[in-house]
Amino acid sequence: MRVNWKPFVLTLVVLLTLFPFVYLVLLSLASQWRFPALLPGYFGLDNWRTIWASEVGLVSSFLLSTLISLSVATVSTLSGFLISRSVAYHPRKRLLTLFTYFPYLLAPVVLAACLSYFFLKLGLFGNVTGVIVAQFMITFPYSLIFFSSFWSERTKSFEELVFTLGGTRRQAFVKVLLPLARGMLLICFFQTFLISWFEYGLTSIIGVGKVQTLTIKVFLFIKEANFYYGALSCCLLIFPPVVLLYLNKKYVFNKLV
Amino acid sequence: MKNRRLHIGLLLFVLIGVLPFVSAFVYAVLYSVGLAGVVNDGFTLRFWAAVWNSGEFLRSFGYSAGIAGISVVVSVSAAMWLTLQFKRELQHRWLSFVIYLPLAIPGVVAAFFMVQLFAKSGLFSRFAYHLGWIAEAREFPDLINDPYALGIMLAFITIVTPFFVLLFLNVYQNERVAELTELAESLGANKKQVLWRVTLPILLRKTWTLIGLYFIFLLGSYEVPLILGQESPQMLSVLIIREIKQYDLSKISEGYVVAVIYTIFVSLAAVLLFYRKKSTTDAG
Amino acid sequence: MMLLNESLPPMRKFLLLPVMIAVLSGLAACDTPPAEENLIDATWETIETQAQGSVVNFMMWQGSSPINDYINNYVVPEVKARYNIDLRISGGQGPEIVQLVMGEREAGVAKGQVDMVWINGETFFQLRNIQGLWGPFVEKLPNSRFINPEDPYLSIDFQQAVEGMECPWSISQFALIYDSARVAAPPRTLPELEAFVMANPGTFTVSNDFTGMTLLKSFLAELSGSPTGLDGPFDEAKYERLSAELWTILNRLKPYFWKEGKTFPKEHSVMDQMFASGELLISYGFGEGGIEDKVRNGLFPTSTRGYAWENGTILNANFFGITYNAPNKAGAMQVIDFMISPEAQLKKADPNGMDSNPVLDVSRLPEEWKAQYEAMPTRKYGPSMSELSVRSIQEPAAEYMIRLYDEFRTEVIEK
C-alpha cells in the first residue's frame with residue numbers, strides 16, 4: 001500500500017510559512033548570539049524594552065510609517081477610484097491605461113532617482129510630505145489599474161438607470177457606486193497601504209535618510225550589523241499587515257484577476 | 001456638465017499618472033547626454049559610449065533577467081504544483097489564513113531573514129557545525145552574496161511563490177477548472193491529458209500577464225539584491241543607484257544612461273504585456 | 001513611441017505639452033540667490049541668541065553603534081538641555097552628502113535639507129569643488145581656541161588646506177587587527193601579505209568602501225617606497241605607475257582572498273562579523289582598528305590586537321562642515337562648538353564609549369580640564385594612537401581615493 005505523503009508535505013509547507021514569523025520574534029528576543037552557539041547568550045525582553053527608549057526611535061518610526069501609509073492608501077484609493085472612471089469611459093481607454101503601466105512597472109527607486117531634481121525644486125525633498133507624494137506616484141497607477149475593471153458596461157448602465165429614475169449624480173455615487181465598489185475599495189486600500197508600508201528605495205532617496213520609516217530603520221540596523229534590533233524592527237514591520245490580513249482576507253484576493 | 005467632470009478627471013490623470021514618469025524620463029535623458037547636472041558642461045555622447053564600451057550594462061541586464069526569469073519559473077512551477085495538489089486542503093478555514101501570511105513579508109525582511117539563515121555564521125551554518133559537517137564558519141558554502149545569486153533567487157522565490165499559490169487557487173475556482181476537469185474526464189481524457197490540455201492552459205492563460213508583470217518587478221527589484229547581491233555584476237536597480245550615487249561626480253551621467261535604457265525596456269514590456277492582456281481579456 | 005503619439009486624442013496632446021512646459025519653466029524660475037552671509041561677521045553672542053531654540057539637521061554616517069550611542073544619548077540631550085536645540089540626525093555619508101548638496105545646487109534650493117555634515121577629506125574636496133560649504137566659520141567658535149592650528153593633521157585634509165571651512169572633530173589612525181591567539185605574526189608589508197594569504201587562503205579581503213580604500217592607500221604608499229611617497233598634489237603619472245603595480249599584485253593574490261576574490265564585501269561592518277566568526281584572520285579599521293567596544297561587547301576575543309603597516313597607515317582627522325545653503329547656520333555652529341568643547345571631547349574619548357581621540361591640544365586647556373585629560377582612562381585592548389603614530393602617513397590628495405574607488409572595481413572586482 002502506498003503511504004500517503006500529502007499530509008507530510010502540507011505540514012512542511014505550513015511550518016515553512018510560519019517559520020519566518022516565529023524565527024524573527026525569537027531573534028528579536030535574543031542577544032549575544034555568536035557563532036557557533038545554537039542558543040543565544042541572552043533571551044528575554046531587553047530589546048523590546050529599549051524600543052521605548054526614544055533614542056532608538058522605533059516608536060516614532062512606527063507612527064511615522066503608519067501616518068505615511070494611511071495617507072498614501074487613502075489618497076490613492078479614492079483618487080484612483082474617481083479618476084479611473086474618466087479613463088475607463090474615455091474612447092481611448094486602452095491607450096490611457098497603457099500610460100499607467102509605465103510608472104507601474106518601473107522600479108520605484110529608479111523613478112525616485114530621476115525625479116529627485118523636481119522634488120528638490122518643489123521643496124518636497126527630505127520631508128514627510130515629499131515621501132507621501134512620491135509614494136502616491138507609485139500607488140496611484142496601481143489603484144488606477146485596479147479599478148479599471150470596475151467601470152464596466154454594467155456599472156455604466158446602473159448609473160444611467162439612476163439618472164433615468166430622476167436620481168442626481170450624488171445619489172448615484174453614494175447609493176449605487178460606493179456600495180458596489182465597497183469590497184474593491186477595501187482591497188485597494190489594503191494593497192496600496194502595503195506598497196507604501198514596505199517601500200524602501202524610493203523613500204530612502206526622497207526622504208534623504210531624514211524620513212525614517214520602519215524599512216529605513218531595518219536597513220540602518222542591518223548596516224550597523226545590529227541583528228537583534230533588526231529583527232525587532234522586522235517584527236514591527238510584518239505584524240500590522242498580518243492583523244490587517246486577518247481582518248479582511250476574504251476581500252483581498254477575490255478581485256485580483 | 002458630465003463631460004467637464006470627465007475632463008477634470010483626465011487632467012488629473014495626466015498630472016499624477018503621466019507627468020511624473022515623463023518628467024523623470026526627460027530628466028534622465030538630459031542628464032545622460034550632459035545637458036543637466038552641475039558638473040556637466042554641454043551635450044556629449046561620451047557617457048553613452050562609455051556605458052556601451054564597458055559592457056557592464058549588458059552583463060547586469062543579463063544577470064538581472066536570468067535571476068528574475070529563474071525565480072519566476074521556479075515560483076510558478078512550485079505554486080502550480082502546490083495548488084493542484086492541495087487545492088482542497090488549502091481552503092480549510094485555518095489554512096486559508098496561513099497561506100495569506102507571506103503577503104505580510106516585504107523584500108527587506110525576506111532578505112534580512114535569508115542573511116540570518118544562510119550567512120556563514122547563520123543558523124544553518126551553526127547546525128552544520130554541531131553536526132560535525134564543518135569545523136569553521138568559513139567552510140560553510142556561499143549562499144548569500146554569492147556568485148550564482150542563490151540568496152537573491154531564494155528570497156525572490158520565498159516572496160513570490162505564495163502570491164502565485166493564491167492567484168492559481170483563485171483562478172482555479174473562478175474558472176471552474178474542477179468542473180471542466182470532470183467534464184474532460186467523462187469525455188475519456190486521462191489524467192495527463194487533463195493536466196496538459198485543460199488545467200494548465202486555463203490557469204496559465206488567465207495569469208500570463210501577471211506572471212510577466214512579476215518578471216518585470218523582479219528585474220527592477222532593489223532591496224533584496226542590495227542586501228544579498230555581490231559587488232559585480234549587480235542587478236539593474238542596484239547598478240543604477242550605485243552609478244548615480246558614486247564618488248566620481250564626472251561619471252554620474254553613466255548611471256542615467258543605464259536608467260534611460262532600463263526605462264525604455266520597461267516601457268516596451270508594458271506595451272507588449274498590455275496588448276497581450278487585451279487578447280486574454282477578449283478571450284476570457 | 002511615434003506610433004503611440006500619432007494616435008493620441010487631440011485634447012491630450014494639447015494638454016500634456018503646456019503642462020510640462022509650465023512645470024519645467026516654473027521650476028527653473030525659482031532659482032534664488034543664496035541666503036544672507038552676514039553671519040560671517042556676526043559676534044558669537046548674536047550667533048548664540050539665534051541658535052537658541054532652533055532645529056539643526058545633522059547628516060552623518062550611522063554605521064557604528066558606539067558612535068550612534070554617543071550622538072543619540074549624549075549630544076542630542078545635551079544640546080537640548082543647554083541651548084534648547086533640537087538636533088535631528090539623518091543617515092548619509094560621503095557620496096550621499098555630496099549628491100544631496102549638488103542636487104540642491106542644481107535645483108537652486110535656498111534652504112537646504114541639512115545644516116551640518118560629518119565629513120572627511122574626499123567629501124571635503126568634492127564639496128569644495130561644487131562650492132557646497134559655508135565658511136570660514138571655525139575661528140568663530142569659542143572652543144576652537146583649544147585646537148592647535150599648526151597641527152598638520154588638523155589643518156590639512158587630504159592635502160588640501162582646511163582654512164576654517166570645516167571643523168575637526170576626531171583624529172584617528174587606521175590600523176589592522178588580528179587575533180593573537182590564532183595568528184602569531186601578522187603581515188606588515190605587501191610581500192608578507194602575499195605569503196600570509198597563500199598560507200591562509202580565504203582569510204583576507206578588501207571591503208569595497210571607504211575603509212577598504214584607505215587600506216589600499218597604505219599599499220600604494222608602500223609601493224611608492226616611502227611613507228611620504230604620496231604627499232603633495234595629485235600626480236597622474238605617479239598614480240598610473242603605482243596603481244598598475246597594485247592591481248597586478250592584488251589580482252595575483254585574489255585567488256587567495258576571501259571567497260577566492262570572486263566577490264568583495266560591500267561594507268566594512270560585514271567584515272567585523274566575519275572576523276568575529278573566524279572567517280577572516282585579518283581585519284582593519286579607523287579609530288586604531290576599532291577594537292575596544294567589540295572586545296568589550298564580546299564580539300571580538302580579548303586576544304585581538306591592532307597594529308600599523310610597516311610603511312605606515314593613514315592618520316587622519318574627520319570634520320564637521322556647514323552646507324552653503326544651511327537654513328540654520330547659527331544653530332549648526334552652536335552644536336559644533338559644543339562637540340569640540342573639552343567636556344564633549346573627553347566624553348567622546350571614553351574607551352568604554354565612543355573611544356575616539358580628542359582633537360584638542362591638552363596644553364591649551366584650562367588647568368581643571370588638563371588634569372582630567374591627563375587622568376583619562378586608557379584602552380584595555382586596542383593600541384593607543386601614540387603607540388601607532390610612529391608608523392603613520394598623511395592622507396594623500398583626494399583624487400587618489402576617487403581613482404582607487406573607481407579602478408578597484410574595474411581593475412580587480414570585475415576582472
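Which residues does B:Val258 touch, not counting residues up to four places away in sequence? They are B:Val51, B:Phe57, B:Leu239, B:Ile240 and B:Glu243, where two residues are in contact if their C-beta atoms, placed from the backbone, lie within 7 Å.

This is a predicted model, in which local features need pLDDT of at least 70 and side-chain atom pairs count only at pLDDT 80 or more, while totals for chains, interfaces and linings use all residues. Residues are numbered from 1 along each chain as its sequence is written, and chains are lettered from A and ligands numbered from 1 in the order in which they are written.

The opening residue, B:Val258, has its place in helix α12 (residues 252-283) of chain B. Helices (H or I, at least four residues) and strands (E, at least two) are DSSP runs, numbered from the N terminus. B:Val258 is buried, with 26 other C-beta atoms within 10 Å. A residue is called buried if 20 or more other C-beta atoms lie within 10 Å of its own, exposed if 12 or fewer, and partly exposed in between, with C-beta atoms placed from the backbone. B:Val258 and B:Ala28 are 230 residues apart in sequence, yet 9.3 Å apart in space, C-alpha to C-alpha.

Chain B also contains helix α5 (residues 107-118). Its 12 residues, at 1.5 Å a residue, should span 16 Å, and its end C-alpha atoms are 16 Å apart, which agrees; the expected span is 1.5 Å times one less than the number of residues. Because 11 of the 12 residues of α5(B) are buried, the helix is largely enclosed by the rest of the structure. Among those buried residues are B:Gly107, B:Phe112, B:Phe113, B:Met114 and B:Phe118.

Chain B meets chain A through 65 residues of chain B and 63 residues of chain A. On the side of chain B that touches chain A, helix α1 (residues 2-32) of chain B gives the most, with 14 residues. That side has 45 nonpolar, 15 polar and 5 charged residues. In this division Ala, Val, Leu, Ile, Met, Phe, Trp, Tyr, Cys and Pro count as nonpolar, Asp, Glu, Lys and Arg as charged, and the others, Gly among them, as polar.

Chain A itself holds 11 helices and 2 strands. From the N terminus on, its elements run α-β-β-α-α-α-α-α-α-α-α-α-α. Taken along the principal axes, the C-alpha atoms of chain A fill a box of roughly 75 × 70 × 30 Å. Of the 257 residues in chain A, 47% are buried. Among contacts in chain A between residues at least 6 apart in sequence, 71% join residues at least 24 apart.

The domain assignment of chain A gives domain 1 (1-44) and domain 2 (57-252); such bounds come from an automatic or database domain assignment. The C-alpha centres of these two domains of chain A lie 33 Å apart. In their contact, 7 residues of domain 1 of chain A meet 7 residues of domain 2 of chain A. On the side of domain 1 that touches domain 2, the largest share, 5 residues, comes from α1(A). By class, that side has 5 nonpolar, 2 polar and no charged residues.

Chain C is likewise assigned domains: domain 1 (40-171 + 317-378) and domain 2 (175-315 + 390-413). Taken over C-alpha atoms, the centres of domain 1 and domain 2 of chain C are separated by 28 Å. The contact takes 14 residues from domain 1 of chain C and 15 residues from domain 2 of chain C. Helix α6 (residues 121-129) of chain C supplies the largest share of the domain 1 side, 3 residues. The residues of that side of domain 1 of chain C divide into 5 nonpolar, 6 polar and 3 charged.

Two packed helices are described by the angle between their axes and the distance between the axes. In chain C, α4(C) and helix α13 (residues 329-339) pack at an angle of about 115 degrees, with their axes 11 Å apart. Axes are lines fitted to C-alpha atoms, for helices over the stretch in contact, and angles run from 0 to 180 degrees between N-to-C directions. The contact is made by C:Val75, C:Glu78, C:Val79, C:Arg82 and C:Tyr83 of α4(C) and by C:Gln334, C:Val335, C:Phe338 and C:Met339 of α13(C). By class, this contact has 6 nonpolar, 1 polar and 2 charged residues.
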